[in-house]
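I opened my notebook for a first look at this one. Below is what I looked up.

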Amino acid sequence: STTGESWSLTLTIIYSKTDFSNPKSGWEAKVVEFFKDRLKEKDAHTWVPSLNDVPLHYLKPNSLVKFRCLIQDMFDPEFFMGAYETVDPSTNAKVLRCGRYKDVTECGVDFNSRNTVTAERQTFYCVPIPGENPWVKEISSSSRVVPSTSYAPTRQKRSYEEDDMDDMDTQPQKQREPHSGWELVYIYFLQTHGNGDCKRQETEAPSSQTASASHLDLNFPLPGEKGPSCLVKVYEDWDSFKLNDTLEVFGILSVSPALSALADEKDASSSILDPTESMETAEEQRVHSPPASLVPRLHMLYARPLPHNNPLLPSATLEDNSAFLSSTLSEMASVRAELLTYLTHVLLGDALAAEYLILHLISNVYARRDVLPLGKFAMNLSGCPAAALYTQRFYQIIQQLVPSSFYLGMSLQNMNQMRLVPKKDYVANRLVSGALQLARNTFLFLDETHLEQGQLDTTGVRNVTALGNLISWQKVDYDFNYHQMEFPCNINVLIASEGRSLLPSDCQIHLQSQVSPPNMEEYLSNIQLHPQTSSQLNKFRIYLSVARQLDYSISDEMTKSVEDDFVDMRKDDPQSVSAEDLHRMLVVARLLSLSLGQTSLTRDSWLRAKHIDMLRRSRMEQHQCVNGNEP
Amino acid sequence: MSSPTSTPGRKRGRDGNPATPSSEGPTSPPSQRRRGQDSSNGDLMPMPTSPATDMLSPAAPQDTSLFSSPRPHPLSPLMYGTPSSRVEGTPRSSVRGTPARQRPDLGSVRKAPQVDLHSDADGAVASEPNAGQRLVIWGTDVNVGTCKEKFQRFLQRFIDPTATEDENAGLDLNEPLYMQKLEEISVVGDPVLNVNCLQVQSFDAELYRQLICYPQEVIPTFDMAVNELFFERFPDSILEYQIQVRPYNALKTRNMRSLNPEDIDQLITISGMVIRTSQLIPEMQEAFFQCQVCAYSTRVEVDRGRIAEPAVCRHCNNTHSLALVHNRSAFSDKQMIKIQESPEDMPAGQTPHTTIVYAHNDLVDKVQPGDRINITELLLISPRLHFTVQHPNSLSHVPAGIYRAVPMRVSPIQSNVKSVYKTHIDAIHFRKTDEKRLHGLDEDAEQKLFTEDRVQTLKELAAKPDVYERLSSALAPSIYEHEDIKKGILLQLFGGTRKDFSQTGRGNFRAEVNILLCGDPGTSKSQLLQYVFNLVPRGQYTSGKGSSAVGLTAYVMKDPETRQLVLQTGALVLSDNGICCIDEFDKMSDSTRSVLHEVMEQQTLSIAKAGIICQLNARTAVLAAANPVESQWNPKKTTIENIQLPHTLLSRFDLIFLMLDPQDEAYDRRLAHHLVSLYYQSEEQIEEEFLDMAVLRDYIAYARTYINPRLSEEASQALIEAYVDMRKIGSGRGMVSAYPRQLESLIRLAEAHAKVRFSEKVETIDVEEAKRLHREALKQSATDPRTGFVDISILTTGMSATARKRKEEVAQALKKLIQAKGKTPAMKYQQLLDDLRGQSETAITKELFDEALRSLADEDYLTVTGKTVRLLA
């Protein structure tokens, strides 16, 4: 693959007659197995072109592609022709064909064949991971080895030729004797186009696509998102996927223009009495069968769940990659110190706030006990200077560190108008996305400094309630009109405010600026200019992602000592420490240990956790200001 | 009596030959038309004598028989009645005279050949001889004759052994059930016979299997059977059309999620929620053509949504002279209904699936979207696959396959098709699960089905002596201790026994237990509420802060599309039969709270708005949480003073608990241990320790559905004693310390405790526990901080007896003061207060003064308007 030639992994599947009419032959599993094995080979998956970074018109239909995405909606399962027979009108010869991994059948389907097998598959509507930061996109697209099966759009009229080619491949097989077993032929072949050729042509901007995209709402959760959305067809085990899961899907791309033709010609050719007619509204049609040029279909061969979308980490899980893990762990403490200095600088010289910010950035809901999410650490950063767009600058810096994030300015207008909670649209039969439909571990920055006095309307109240629920229970109640449905989430919420926030939080820290107000302007512009070398930024990025993935435990001994501590604290002053405080201190201790790369609680970490919590609380007492949001 | 148009080898038209749509000559029997059409035809046309000919298949011999089939295929299925029955001139009041109504729900377009039992040689053409002389419908193992006999036997003999009086009001349980129902039909004249599939199964498992597997063949056979039987019995009755059998309750209950290709064309029952209904679609069943030249008319049945237009007029032999006359064609009603999985059936983290259902004829408009209706018992034939043909002009290629559907055509140019089928369900029977919400009690509507194994597990659990403790500790394990509160909530989850005293004028007796939790902020009250809300299937969670009276009750809305007034229900109505969790109860506005008065005692909700006056059932248990008015609970004040809720509302709570932070070392240690292990125990450890939430849920559902404990003699005695004791406590100090409401609470709690034990009888132990819990709650919430005594009047009248005495004194002093002033009809409020303060030895607070004024106002002695106090005559 490094030779500069582009690889292409093209698949042609040929089945012998006896096979796919028999659903028990297990050929489906074998296909999937084959691909899984191939993709496990060293770097094999990097050869596969990604829908995320290769424009659709450079990808070859019926080739293997991958897509890093979030399941935004799940459509109804559909029945399709798993196997069918075609009849050649001239010779009357019957050929058994397979309908799996395809949207459109071959010509001359014999609808009366007894060999027709009806099979079931599920469709997911997938969008690129919402709020994925530019650096993630950049790094992932540059790490791809070559635009392998992508090809230059020199042959615009490819689809028919393609079909012919497929036919040619299968033609000799038809003449063969029926096989008793299954037969699969995969052809890896070298694409003849040179690498440079591809690169050059990729830079040409697709012009027609952007224009036509405008009239179709691709239902991205966040405003201003770009990228293809995709209808992913899942053939097995679809119950194991959940809404909002992030996946890397490997599948066969299907962009048959025929799929789009369907929608266009609908009006012209159908008769009023057509029973299929009244079943779907025009909106539903538009949503469920969008033009394939905009929303390609991807027939899933296999999907890898993404525990994170940080391209700097190896794709294998941390446990499987002990070398990487141990090298990172050894550097943990030093990287932490650097990061702390950097964040202290960003937070106007407040080291304690910086410490808490690190804890917040690596927090993660690691379990749920009945309704209680464990490990969440929503933070309220109060005392943010309103001047000089401090919060925006602060967000831009965080954006450089975390893989996905979203900035939500809590202005009255936004709160009253934005759609935060996804809502089911029964006319189009889809889940209309909202800004809170986010992937796990997305950093959600709520800027309360934008909130001014005024009237919240019904939507506004609902939005604020939704944010409150998100913070307290890490769940979003999706609106299904007649009822609500609860979807658990795992989102890191940071609220920046001047006073105490009107939203609940797990911990509030009041920013103590070391910068005098007259110098603020200058200081802030310096933060912006302060360039971090990309290697250092990468270290931070890896650090934050790895710290979040680590396992954590607590020994019996430490349990005992924590208990003793709690009892002692209560003895002195029962009012000072409540059960809730213990809850929080346990989380702080956990995050503190992880931030240092320690996977179990030590006495030191516990004491330190207690100490910083005490510092934070004493600071809060100084800044006690009554605004009605106190509990 | 042969089938003259049958051509050998043309079995069910599968071979791709033209599926010959027959024209229906005017001689066609009335059985295929509705009566209305029938009579009008008679007026409009003379009875032509020309024989019916099959226009599109000239090969077919002319049908000169009187019994010509109106169906396109001679061996057409599902003829209601045997051909011989369609002799002209039979009296109307018979199976022959009563028109059969088409059953589009069964797919009238499907034309499977059927064995003509009375035909000899020809019958064999279409059927494959099976087991000697037995003839079956092609592709199935259904023998029409046997099937008919079996069903008739079922109708004649079936007696439901498990029937209870109330289910079949007015029916004699020892007589065959369905014969009585037929009698009912003959009286009422509604020609629909609902047949419970489970009863069919218990009577004849084989018949049931056939019904499930081949509904399209078997149901018409049932129709045939029932009509023969009916007209034999009641030869003189006149029905609008022939009786149609509507099976329901097929055991093959399917979750929408589990529908799969094997279910195609089978009889299944699924439940769901209506989300959208279409407008009424008139579906043409029969097209009426008239020749422009000679005015000869002919009818063509619509086949799979297509009309085979006759090319040649067979009267004058002109080509292309026939024109469709719309208003003489026959249409049937059809409606598209979209249903969605009910939220209860769904695995977590997935979105609900939707399915398209077609309702036909009288099922149209039976259900409405948006009412949060669960339809169950939606019987359907199949996700049926639809196809359009790939070449638009090759109509003749439409085969009469089992799946009358094939993928959607992609484009006429390319002849490949999209390989996806369109599926839908034809509804045969709807049952709304909650339709009785407006009308009365219907416990079994939501009956959850439990497997034998599950019931066994639950019963084993119930037999354990410590089941009560086990269940209460399984409740919200993440919340530490507060055992009595959990026990209280557990009893609330089970609820008391529902009793109906409406005959004695008392109305419904509340069975639901209401609980209020008050206490310091941060004592996991909200968490407990969240847990309960997640546990019960019909829970609602609202916060007093954000909800308005409208959000809690119901409001009337105008549907923008239909301009219809729609009643939108709020949290309280939605949690009917469930639990309504109200957080921040204290932050609720007074007007919102006031609606709770009715709900919490009468369990109904009255609405008089926009011309809609109705009473909705809101048999909901209320679990509320309130914070003290001051940020911390003030132990020196009573409950009422701490939470500032009207006592009228508080007295409607059966149990009021305080969730305070107990401050002792042992507790702290246990708490710390609990929290640390909560954070660091693995999932498995947790599961070992506690009961699974699903088991708990099933346990509660089972007990709520099947266990209805009644008071035993001893229990009644114990309750009486308990009540008398409670009254006695107070009587020593000259006050009433218990009211009938407390007795009712005790009964409810005792019943709930019996339910926990799966016991049909309330026994003394239940009463003991009810007493204990009630006492515990009182101890927490009704202790007079001034005296240290438990004083129920704090809750029932809003103040302790001592405080009340004080109020009386002040009121009397005030009255004296006013009287002393002589004849002054109006006084200044502030002036009066100052005067009273000047006179009194003890401090008079403004509140005390207000209360005194109020009590005098209650005596009609004076009124207070703004800042003026006026004396009343």
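Entry one, the model. I'm working with a predicted model here, so I keep that in mind throughout.

I counted 18 helices and 22 strands in chain A. Chain A has 631 residues, and 57% of them count as buried. I also looked up its contacts: taking those between residues at least 6 apart in sequence, 80% join residues at least 24 apart. For the accessible surface of chain A I got about 25900 Å², with 52% of that belonging to carbon and sulfur atoms.

Over all chains, I get 30 salt bridges. I picked a few to look at in chain B.

Asp204(B) pairs with Lys150(B) at 3.9 Å, N to O. Asp204(B) sits in the loop between helices H5 and H6 of chain B, while Lys150(B) is in helix H3, 54 residues apart. Both Asp204(B) and Lys150(B) are buried.

Next, Lys487(B) and Glu469(B) form a salt bridge with their closest N and O atoms 3.8 Å apart. Buried or partly exposed, I asked of Lys487(B)? It counts as buried, because its relative accessibility is 12%. Glu469(B), at 38%, counts as partly exposed.

Last pair: Glu763(B) and Arg757(B), again a salt bridge, closest N and O atoms 3.8 Å apart. Glu763(B) is partly exposed at 32% relative accessible area, and Arg757(B) counts as partly exposed at 23%.

Salt bridges with shared partners join Asp581(A), Arg584(A), Asp613(A), Arg616(A) and Arg617(A) into one network.

Note on methods
Residues are numbered from 1 along each chain as its sequence is written. Chains are lettered from A and ligands numbered from 1 in the order in which they are written. This is a predicted model: local features need pLDDT of at least 70, side-chain atom pairs count only at pLDDT 80 or more; totals for chains, interfaces and linings use all residues. Side-chain values use heavy atoms; hydrogens and water are left out. Helices (H or I, at least four residues) and strands (E, at least two) are DSSP runs, numbered from the N terminus. Buried means under 20% relative accessible area, exposed over 50%, partly exposed in between (1.4 Å probe, protein chains only). Contact means heavy atoms within 4.5 Å. Accessible areas come from the Shrake-Rupley method with a 1.4 Å probe; for residues, only the protein chains shown count as cover. A salt bridge is a side-chain nitrogen of Lys or Arg within 4 Å of a carboxyl oxygen of Asp or Glu.
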